[in-house]
Amino acid sequence: MFAASRIGSTLVVLCAFLATFIIGGLVVVDGMIPSVFTTLFFLPIIVVAYRFPLTVSVGIAVIASFFSSPALELAGVQMDSAVMPVLWLGWPAVYLFLAVSLNQWGSIQEQRRQLELTEEHLLEVSERNDRRQQELETLSAIHTTILSGSDETTVVEETTRRIAEACGAKICMISVPVGTTAQRPFLPVGFNEEVFERFFPDGAPFGEGVEGWAMLHGRLAASENIFDDPRYDGLRNFAALVGYVSAAAAPIELDADVVGALVICYPEERKFTAEDLSRLERLAHQTELAIRTVKQRESLSRFAFDTALALTEAIESRDPYTGGHCRRLADQAGAVASKLVLPPKEIEIVRLGAALHDMGKIVVPDAILKKPDRLTPEEYAIVKQHCYSGGQICKRVGFLMNAYPIVYHHHERWDGEGYPDGLKGEKIPLGARIVAVMDAFDAMTTDRPYRAGMPVEEAVSILKDGAGRQWDQQVVNAMLDTINSDSANEDGHRHESPNWIVLPDEIGSPGPSS
């Protein structure tokens, strides 16, 4: 059965490569780039990215990039010179980003599947007794915390708190190594880290206590009475102060070649049963999965954001007046989202959407993008298409789907006079409303080829005047609070940026265009 599965996988890979070359042949036969067949390259990339090693999907992405590049001029294929920078930068970046992102996403899905399988297994054994039921509730809570998109600190705090409750322990902590000579608790439940630091400013000696033994040997360790345990020395005085007598620890792999320990402590002597240690080992395994998953998710989130930012900056590089528009917008929009007390996951989506909001400019010709004079109605209509184009790119990449509402709707107006759909009020996604305000502010306060950026005070006055008409009053207020609390903005420092924001009533006249 394994051999049959392996043969089937090989056939899928071969078919994906064959399909890529067939699509490439269609592009050559079509004789023009961009070609109507170019988007078909996404299909074989998506098919292999989830199920096979990264090298396979990257290989297909490289082949797709070749068949979408100016190199095909050697085969007699005609090139549209207006989008030549896109052919060198845009499609290869999108293909590679799709291949890597989906492969990483598939890995995270596997982690999630493992967590769900663990939970299902515990559902079966939880019927045996109340202690197993409590253990299940703890694992379920940890699982929910992971899937909620919380950061590492929140996940660890919630995990240790829940484990302390499930085990009836006074203290629960994750002990981590400090180099090769010391160890210290990370976000403990039951005592304050400052107390530990008073005893051990540089950390406790590495290998001391049940936690040190578990880290050194990679096995469970328990002590009925730490004051009679030769594995304890300096930690005895600390234990006497915070009030624990017995302890048990299980090793957890924090990172490659970095082993920590999940530790539970009790205020009385305790003989740990096999069931106690087995439960601790299961909880340690769940904790390890939780930490790995949140680290991988945060790593993927940073990778996606950095890649998206690199792509938009590559697009921005077509104009010498860019000045880091998308990077500034991502930072500023994230600050406003934080001021509005959005969940951490939503804040990251706002930052990603802000970074990608002008990605659709990849289809706008340089002659229009760099034009220093007023835009004609026809030219402005082309510029307005960037919302749709950027949204379509997000829809093709599953990991970017969350940013789609921001990218597509960031030019809507509160009064319903915006584009592309003319949404009004709270029907406009909140992330898009945030980006709309920050986009306008950045446009007004940055230099253009035909004018200097206006002072911050003047831009603030315009935002206040347009609040409730063009922009969301709540978002404008949060943005003003952010400016007032950020001393870095008080000096009125200005950047140069491209001619990207045009308000609807400014068609046909010089002004900020987007």
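The structure is a predicted model. Helix α2 packs with helix α3, and helix α18 crosses helix α19. The structure holds 18 salt bridges, and several of them are described below together with the accessibility of their residues.

**Helix α2 with helix α3**

- Helix α2 spans residues 42–49 and helix α3 spans residues 54–67; the two pack at an angle of about 170°, and their axes are 8 Å apart.
- Because angles over 145 degrees count as roughly antiparallel, α2 is roughly antiparallel to α3.
- On the α2 side, the contact is made by Pro 44, Ile 45, Val 48 and Ala 49.
- On the α3 side, Val 56, Ser 57, Ile 60 and Ala 61 make the contact.
- By class, the contact of α2 with α3 comprises 7 nonpolar residues, 1 polar residue and no charged residues.

**Helix α18 with helix α19**

- The axes of helix α18 (residues 456–466) and helix α19 (residues 473–485) come within 10 Å and cross at roughly 160°.
- This angle makes α18 roughly antiparallel to α19.
- The crossing of α18 and α19 is left-handed.
- Val 460, Leu 463 and Lys 464 of α18 meet Val 476, Met 479, Leu 480 and Ile 483 of α19.
- The residues of this contact divide into 6 nonpolar, no polar and 1 charged.

**Salt bridge between Glu 224 and Lys 271**

- Side chains of opposite charge can pair when their charged atoms come close.
- Glu 224 forms a salt bridge with Lys 271, and their closest N and O atoms are 3.7 Å apart.
- Glu 224 lies in the loop between β6 (221–223) and α9 (235–242), while Lys 271 lies in the loop between β8 (258–266) and α10 (274–316), so the pair ties together parts that are 47 residues apart in sequence.
- Glu 224 is partly exposed, at a relative accessible area of 40%, whereas Lys 271 counts as exposed at 63% relative accessibility.

**Other salt bridges**

- Asp 358 and Lys 361 meet through their side chains in a salt bridge, at 3.1 Å from N to O.
- Both Asp 358 and Lys 361 are buried.
- A salt bridge also joins the side chains of Arg 469 and Asp 465, with an N to O distance of 3.9 Å.
- Arg 469 is partly exposed, with a relative accessible area of 40%, and Asp 465 counts as exposed at 58% relative accessibility.
- A network of salt bridges links Glu 158, Arg 161, Arg 162 and Glu 165.

How values were computed:
Residues are numbered from 1 along each chain as its sequence is written. This is a predicted model: local features need pLDDT of at least 70, side-chain atom pairs count only at pLDDT 80 or more; totals for chains, interfaces and linings use all residues. Side-chain values use heavy atoms; hydrogens and water are left out. Axes are lines fitted to C-alpha atoms, for helices over the stretch in contact, and angles run from 0 to 180 degrees between N-to-C directions. Helices (H or I, at least four residues) and strands (E, at least two) are DSSP runs, numbered from the N terminus. Angles under 35 degrees count as roughly parallel, over 145 as roughly antiparallel, 65 to 115 as roughly perpendicular and the rest as oblique. Contact means heavy atoms within 4.5 Å. Ala, Val, Leu, Ile, Met, Phe, Trp, Tyr, Cys and Pro count as nonpolar, Asp, Glu, Lys and Arg as charged, and the others, Gly among them, as polar. A crossing is left-handed if the near helix is turned anticlockwise from the far one by less than a right angle, and right-handed if clockwise. A salt bridge is a side-chain nitrogen of Lys or Arg within 4 Å of a carboxyl oxygen of Asp or Glu. Buried means under 20% relative accessible area, exposed over 50%, partly exposed in between (1.4 Å probe, protein chains only).
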